[in-house]
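Me: I would like to go through this structure slowly, asking at each step what a term rests on. Could you set each value beside its definition as we go?

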Protein chains: 2
Amino acid sequence: MRVVNTKGKKFRVPDATILRLPLYLDKLILLQQAGVKEVSSRQLATSLDIKASQLRHDFHYFGGFSKPGRPYQVDKLVPALEEIIGVDVPVPMIIVGAGHLGQGLANYRNFERLGFPLRGIFDVDPKLVGLEIRGVPIRPLSEMTAFVKEHGIKVGVLTVPVNVAQDVANQMVAAGVVGVWNFTPTDIRTPPQVIVRNERLAVGLMCLSFKTKRIGQTEELKGD
Amino acid sequence: MRVVNTKGKKFRVPDATILRLPLYLDKLILLQQAGVKEVSSRQLATSLDIKASQLRHDFHYFGGFSKPGRPYQVDKLVPALEEIIGVDVPVPMIIVGAGHLGQGLANYRNFERLGFPLRGIFDVDPKLVGLEIRGVPIRPLSEMTAFVKEHGIKVGVLTVPVNVAQDVANQMVAAGVVGVWNFTPTDIRTPPQVIVRNERLAVGLMCLSFKTKRIGQTEELKGD
DNA sequence: TTAGTCCTGTCAAAGACCTAACATGATCGG
DNA sequence: CCGATCATGTTAGGTCTTTGACAGGACTAA
């Protein structure tokens, strides 16, 4: 991933940095809501459990957001990061699969705040079709393709059963979606220009498992 | 993180490897269910979009799971990884916060399969208390501490509102929980021996945002 | 038996990433 | 005005991670 920073220089931004930008923004929004005006790299880094030099290094790829001697101003940093991450331009989104997880996500209020207004929910189950979640009606899956085209939907959230995941994803892509947020426990194949983000709940659980099971062994295995 | 491999040697296992183990297991279980008996490092790696040498290198930390010339046997590899990850020993779990996300997670059937049987659900809302999800009743939050102690609960899933997250986490830890699966959009502080896994949905969304917004710019910024 | 093919375990080199250190600039109090 | 303090931007060096290459075992077919 490459960007041109504020000083006209081209940088290759490491993936690791990109993955941290949302963490910075997340924390900064909390600070902003708490009325904090200024924050130093040390304060911000400490609260995220990383090194201050790493944070400054990350910001450096974008030309820096302050000048030597002055801490970062929260009210300037937030919109700057929002623009870099792309949160400032709305990306209309749909949820496909109105099961428990799909409905839970549909109730998540932060989507709008993060630039992803929810425009539609789709499911095959006739018992679900017609219900409304936060004002958004559940529509039959058969209408999805036309809806995506008509409303210029860019991102689809995939919360369908595993066995139809690839099929539904294919329909989304054919209809014009450029990003898929995949909550199903399987890999889906897409053309290279379509971005897939896998949200593998099982993986999170297993990581937790690996670590908790090793509590109590740590005395004999120093230095993890 | 350190382990002793099958040849008695001590290795420090990199974090990057640990994060991949669940992906391997996840895929292998799918293969096993499909009746596949043997799989080579190339096949497995290709399906996960990584290099075969990396997969073999990862397995090498644990002494390897086959011998030169023979592909991996799915039925041997699955239990071996399950043991390493810790999925083979059940870890009783509770969900605290029976809102939409909490209920969605409570309906997730894979928890048992992954070694995390759901033993209880807790909430402060009297309208929710008494409801059952997949046979597990929702109990008042005030009973949580006693329940954790009595049933030897090891892991708590945190799906409460942000403003009470730290407070509820403190109660969990005081009651004896050793792992917290945090779905709230905030950091929580715990003693060092308690493992916290943050499942930050907003971060996943923002990563997707960063990438999808840059589609169309890729022609002028070659080589991402 | 033997050549050919497929495969893993192993290691060293290359690459990506993180961190400490420092030059420099801003601010404050006296 | 000046020193002390705090802060960022920047870079070089160290550390962690990935990759390619290869030795050697196992199987197959002729």
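Reply: Let us begin with two helices of chain A: A:Met144, A:Thr145, A:Val148 and A:Lys149 in α7(A) meet A:Val168, A:Gln171, A:Met172, A:Ala174 and A:Ala175 in α8(A), where contact means heavy atoms within 4.5 Å and helices are DSSP runs (H or I, at least four residues) numbered from the N terminus. This is a predicted model, in which local features need pLDDT of at least 70 and side-chain atom pairs count only at pLDDT 80 or more, while totals for chains, interfaces and linings use all residues. Residues are numbered from 1 along each chain as its sequence is written, chains are lettered from A and ligands numbered from 1 in the order in which they are written, and side-chain values use heavy atoms, with hydrogens and water left out.

Me: What makes residues of the contact of α7(A) with α8(A) nonpolar, polar or charged?

Reply: Ala, Val, Leu, Ile, Met, Phe, Trp, Tyr, Cys and Pro count as nonpolar, Asp, Glu, Lys and Arg as charged, and the others, Gly among them, as polar. By that rule the contact of α7(A) with α8(A) divides into 6 nonpolar, 2 polar and 1 charged.

Me: How do you know at what angle α7 and α8 of chain A pack?

Reply: Axes are lines fitted to C-alpha atoms, for helices over the stretch in contact, and angles run from 0 to 180 degrees between N-to-C directions. On that basis α7 (residues 144-151) and α8 (residues 162-175) of chain A pack at about 30°, with their axes 9 Å apart.

Me: Why is the relation of the two chains called that of a two-fold axis?

Reply: Copies are superposed by least squares on the C-alpha atoms of residues with pLDDT of at least 70 in both. Chain A can be laid on chain B with an RMSD of 0.1 Å by a turn of 180° and a shift of 0.1 Å along the axis. That is the relation of a two-fold axis. Of the residues of chain A, A:Gly104 comes closest to the rotation axis, at 3.0 Å (C-alpha).
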